[in-house]
Amino acid sequence: MSKQQTNLVIVESPSKAKTIGKYLGTGYEVKACMGHLRDLPKSTMGVDFENNFEPHYIPMKGKETVITDLKKAAKDSDRVYLATDPDREGEAISWHLKELLGIPDDKTFRVTFNEITKNVVVKSIQEPRGIDYDLVDAQQARRILDRIVGYQLSPLLWKKVRRGLSAGRVQSVATRLVVDRENEIRAFQPQEYWSLDVGLERIGRLGSFTAHFYGDPKKRELNSEAEVAEILSAMEGLTWSVTSVKRGEKKRSPAPPFITSTLQQEASRKLNMTPKRTMAIAQQLYEGVEVSGEGTLGLITYMRTDSTRLSEDALGAVRDFIRQRHGAEFYAGERVYKTKNAAQDAHEAIRPSNVLLTPERIKNDLSQDQFKLYKLIWDRFVACQMANAVYDVTGIEVACGNHIFRANHQSLRFAGFTAVYEEGKDDEAEEKQSPLPDLQEGEPLERTETVQEQHFTKPPARYTEATLVRAMEEKGVGRPSTYAAIISTIEDREYVLKKDKRLTPTPLGEVVNGLMMDRFQDIVDVEFTAGMEERLDQVEEGKLPWKQVLSDFYDGFQKELSSAEEALKDVRLKVPDEETDEVCELCGKKMVIKAGRFGRFLACPGYPDCKNTKPIVEHMPGRCPKCGGGMLKRKSKKGYAYYACEGGAACGFMSWDVPTEFDCPECGQTMFKKSGKGHMKPFCINEACSNFLPEEKRGYRKTAKKEEDASAGAEDEKTPKTKSAGKTAKTASKTASKSKTKTMSKKQAEEST
């Protein structure tokens, strides 16, 4: 009797292993490698420059048990399927697994899954391929390029700016984009302009509307109040009449299905998710979620892609779905979206694996964030194959002498794709247009109102995370798999800060960017970085040797590095302090923001004469329910956000729930909402109010040790007004009052950050 063949499948994560294991059944053992198992060493460069950039890879610390387990499983298996993610990084992980585990060529089979569904998994296992060494080489080239920049440039920043700093190749360009935008804002000179609107009504008939000045008769901008007065004077005593009525229709087409960058942008706009959070949730949806009655299912296709391509099966399924749910008129034929020329087009667009799994059907099986993101992806996919929205458009032109005023209005005639989804906007909402009366050409009108208003042009808006992703995509900086990491890195390094959802460079970021601009122009040059991405794409396509890319870059970089070290030999760059409006109560100076080992804090610039420091607090809407004072956002020593009365120990109120701008309709006290991401429904915390919502009904998960955790939070609460010499922000937090008014578990506190 012949021995049954044993098959080992290696994936990155346990959740992915669970999903795939269910689909493959007996005869297959599925194990997770938990990401990379070997890498360049952390303590040294790990690249032999004398030996044609030969990398030296070593097993990663902490992965010994996983490596031992996989080695044994691979040795005992007849076939080893390397099923890591279908991109450069995933290909490199598979190659590292093969080398580290010593898997022979005849036992090595590479498989990829664009979606983790039973049909795709089984088909992929039946059609394996070899490792794509061009993809591996492209990943190695990127990894070593980043290692060269990081390990050789960071020490220079330590010596010339501040210890602990680090530099990155693509992150430096992203920082430059934010700094350049800030410089544009500073250099911006507002220009005055005026608007002139008139209220008009029909003579002897009902119907009024507002028209906006257009020109006389050619289009004209109004740049001063004098110009407006001149027009009003010229129109005095003249009659008004309708000179043109144009009626027509306007069609709007749906947006294409999501790619990585557009998913990150839309999740930021609509769900308030950071790119990093978006990709983490998307990874969960891709790898598999337990669905009632179905088991573990991969809900979306692979989420790192720059292609808008859709499979024939997906197009057929969504066509039938649209016709059945909305009607045949809502399906206008198959839509094929053109992928950008620079796109790699290796994978499909991001879409639901099964369009019949509607968000509402599986809502109870998903976390709140999973549901929101899945619904966003599902809605966009369905809408992209629906009919155009059709609007009735009316344009009115009115004359007074030779002065022309215009009014426009559009109304929805056929919803089309808007019945399911509309794309969000980064800009401010458009001004709503009032309906227009049924006017006829030549009809006389009467002016009832004149509104003239002064305006000033506005500077370009600071980047949000969404618009920065869009800018990087448009400029060719980074690739779908790197956008989230780039933004997360420059925020973690405090080169930029996020204020009111907008990215602002810190003084540190500006100093580092200035050094890079002066001494490493190639590194921060957008076109150079985009060109490097194109060269890495050529490596992936097998058109360019990867070590040639390294050699070409290294020679120029070394010259810049040597030149910078010589020019800055006796220079130490100072990072200017960031001044605030907070006044030191000891000496009256405006306090500045300092960065310490425990984060940013306020400090008096009069040091060493005045050593006053304070934690940074953020004012919140609403009033303290205990004393009516203002509310502040604070952080505990473990980094959890909580909310406290500005009265400090004198009042003693603190809460993990977030104060809102809404008042309870019953008792008038400030309402609070559950901490966490996205929109939360406010509730009243006043126990004497009929509208009171008990803590156990506010949506938090029940966990143990509530009293203990709340006490720990209260310990951090009341920071004294001043501190003695030499105390740090962290030391001050230890003097907090131990009073507490509300309890919450550590798990709930984690959800609030």
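In helix α7 (residues 225-235), the buried residues are E227, V228, I231, L232 and M235; buried means under 20% relative accessible area, exposed over 50% and partly exposed in between, with a 1.4 Å probe and protein chains only. The model is a predicted one, in which local features need pLDDT of at least 70 and side-chain atom pairs count only at pLDDT 80 or more, while totals for chains, interfaces and linings use all residues. Residues are numbered from 1 along each chain as its sequence is written, and side-chain values use heavy atoms, with hydrogens and water left out. Helices (H or I, at least four residues) and strands (E, at least two) are DSSP runs, numbered from the N terminus.

Seen down the axis of α7, its buried residues fall within an arc of 135 degrees, so they line one face of the helix. The arc is taken over the directions from the helix axis to the C-beta atoms. An α-helix has 3.6 residues a turn, so residues three or four places apart point the same way. A226, E230 and S233 are exposed on the other side of α7. The buried residues of α7 pack against β9 (192-202), β10 (208-215), β11 (240-252), β14 (389-400), β15 (403-414) and β16 (444-456), where contact means heavy atoms within 4.5 Å. Just after α7, G237 has a positive phi of about 85 degrees.

Two helix pairs are listed below. Axes are lines fitted to C-alpha atoms, for helices over the stretch in contact, and angles run from 0 to 180 degrees between N-to-C directions.

| Helix pair | Angle | Axes apart |
|---|---|---|
| α2 (residues 64-75) and α3 (residues 88-101) | about 75 degrees | 10 Å |
| α10 (residues 312-325) and α12 (residues 368-383) | about 85 degrees | 10 Å |

α10 is therefore roughly perpendicular to α12, a term for angles of 65 to 115 degrees. A314, V318, F321, I322 and R325 of α10 meet W378, F381 and V382 of α12. By class, this contact of α10 with α12 has 7 nonpolar, no polar and 1 charged residues. Nonpolar covers Ala, Val, Leu, Ile, Met, Phe, Trp, Tyr, Cys and Pro, charged covers Asp, Glu, Lys and Arg, and the others, Gly among them, count as polar.

The chain has 20 helices and 28 strands. Of its 753 residues, 51% are buried. Among contacts with a separation of 6 or more, 68% join residues 24 or more positions apart.

Definitions and conventions. Parallel < 35°, antiparallel > 145°, perpendicular 65-115°, else oblique.
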